[in-house]
Amino acid sequence: LPACRDPKLFIKDLHFDEVPVRIYLPRVPSASKRRGVIFFHGGCGIFGSIRSYERICRYLARKCDAVVVSVGYRLSPEHEYPAQSLDCLTATVHFLKTAENYGVDPGRVIVCGDSVGGNFTATVCQELVNRRDLGKIRAQVLIYPFLQALNFNLPSYQKNAFTAFLSRERTVHFLLKYLNKDCSMKEAILAGSHVPERMNLKYRKWINPDLIPEVFKRGYKPLSPTLFLPEVHEKTKELLETRLSPLLAEDAVVCRLPDACIITCEHDVLRDDGMLYKKRLEDNNVNVTWHHMEEGFH
């Protein structure tokens, strides 16, 4: 569908290296180069579109007086994982190289996304830490992001297991749909049977209920260890790759990430993903601004 008209914005549909984008440019001339915002929409990698986030992106462009690029990455299952995050990376690289063509200061570009878009935001920033041919991303904004598929029994998953829209069960169901995997493995993954003991031991220092502040752990009950199922692990190895679970990235990568703004919601299974990433970033001396919505939900 074509873009809506807006008296304060020029809105154009373009392609950045074959990835469809919609770009929102303020009509009022600016005395200096503007900030740039690259936006990745949510929707579990299988829903959502540029059009469904039109109002949000127009609001961001007007409110921030910034040039906003909304990325229309390909959706699963028609386009197999990791096409989605690769499209986001491609569009980001293109914009960093051409930002000045749109009146944007290449040193003032942020990436932003909600839910799986927050996942793509974290992944793109991690992918770019070694790129010396590009300007650096100024900051990353992660809005209730999905960041790990190792542990679906964190306090926020228990507390919000049956919350409307994004329950604990639906989270894993959509995740398997996104990866085009057999959903009959859902119960095994919810129980943690897809994770070898050696990986649980390795990542305990980063993904652990003990790292969640006590105020957010009311009613939490630790679960007994579950039986590891090698066949489930083999079929779902992507779950434990940093491209899907950026919370598992090594400190050598995390310490080089841009400043972050992380938004979490109390009534959200993904709350603890954001809180654990906040801690990892801070432990690696990355500046983090954290906003927690006590009455908010996914």
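Predicted model: local features only at pLDDT ≥ 70, side-chain atom pairs only at ≥ 80, totals over all residues.
Strand 3 spans residues 34-40. Of its 7 residues, 6 are buried, so the strand is largely enclosed by the rest of the structure. Strand 3 pairs with strand 5 (residues 104-114) in the parallel sense, over 6 bridges. Within this pairing, Arg-34 stands opposite Val-104 of strand 5. Strand 3 also pairs with strand 4 (residues 66-71). That pairing is parallel too and has 6 bridges. Here Val-37 has Val-68 of strand 4 as its bridge partner. Between strand 3 and strand 4 the chain passes through helix 1 (residues 54-64).

Ala-260 stands opposite Val-288 of strand 8. Together with helix 10 (residues 271-283), strand 7 and strand 8 form a right-handed β-α-β unit.

A disulfide is a covalent bond between the sulfur atoms of two cysteines. The structure holds 0 disulfides. For Cys-88, the closest cysteine sulfur belongs to Cys-125, at 11 Å, which is too far for a bond. The cut-off for a disulfide is 2.5 Å between the sulfur atoms. For Cys-125, the closest cysteine sulfur is that of Cys-112, also at 11 Å and too far for a bond. Cys-88 is buried, with a relative accessible area of 0%. Cys-125 is buried as well, at 2% relative accessibility.

The structure holds 10 aromatic pairs. One of them joins Phe-16 and Phe-95. Their ring centres are 6.2 Å apart and their planes meet at 15 degrees, so the pair is stacked. Phe-16 lies in strand 1 (residues 9-16), and Phe-95 lies in helix 2 (residues 83-98). The pair therefore links distant parts of the chain, 79 residues apart. Both Phe-16 and Phe-95 are buried. A second example is the pair of Phe-47 and Phe-174. Here the ring centres are 5.5 Å apart and the planes stand at 90 degrees, so the pair is edge-to-face. Phe-47 sits in the loop between strand 3 and helix 1, whereas Phe-174 belongs to helix 5 (residues 168-178), 127 residues apart. Phe-47 is partly exposed, at 43% relative accessible area. Phe-174 is buried, at 15%. Ring pairs also link Phe-16, Phe-95 and Tyr-102 into a cluster.

Two arginines lie over aromatic faces. Arg-27 lies over Phe-10, at 4.3 Å from the ring centre. Arg-280 lies over Trp-206, at 3.6 Å from the ring centre.

Terms used: Residues numbered from 1 in each chain as written. Heavy atoms only, no water. Buried < 20%, exposed > 50% of the residue type's maximum accessible area, 1.4 Å probe, protein only. Helix = DSSP H or I, 4+ residues; strand = E, 2+ residues; numbered from the N terminus. Pairing = 2+ DSSP bridges. Right-handed = clockwise from strand over helix to strand, strands pointing away. Phe/Tyr/Trp six-rings, centres within 6.5 Å; stacked < 30°, edge-to-face > 60°. Lys NZ or Arg CZ within 6 Å of the ring centre and 35° of its normal.
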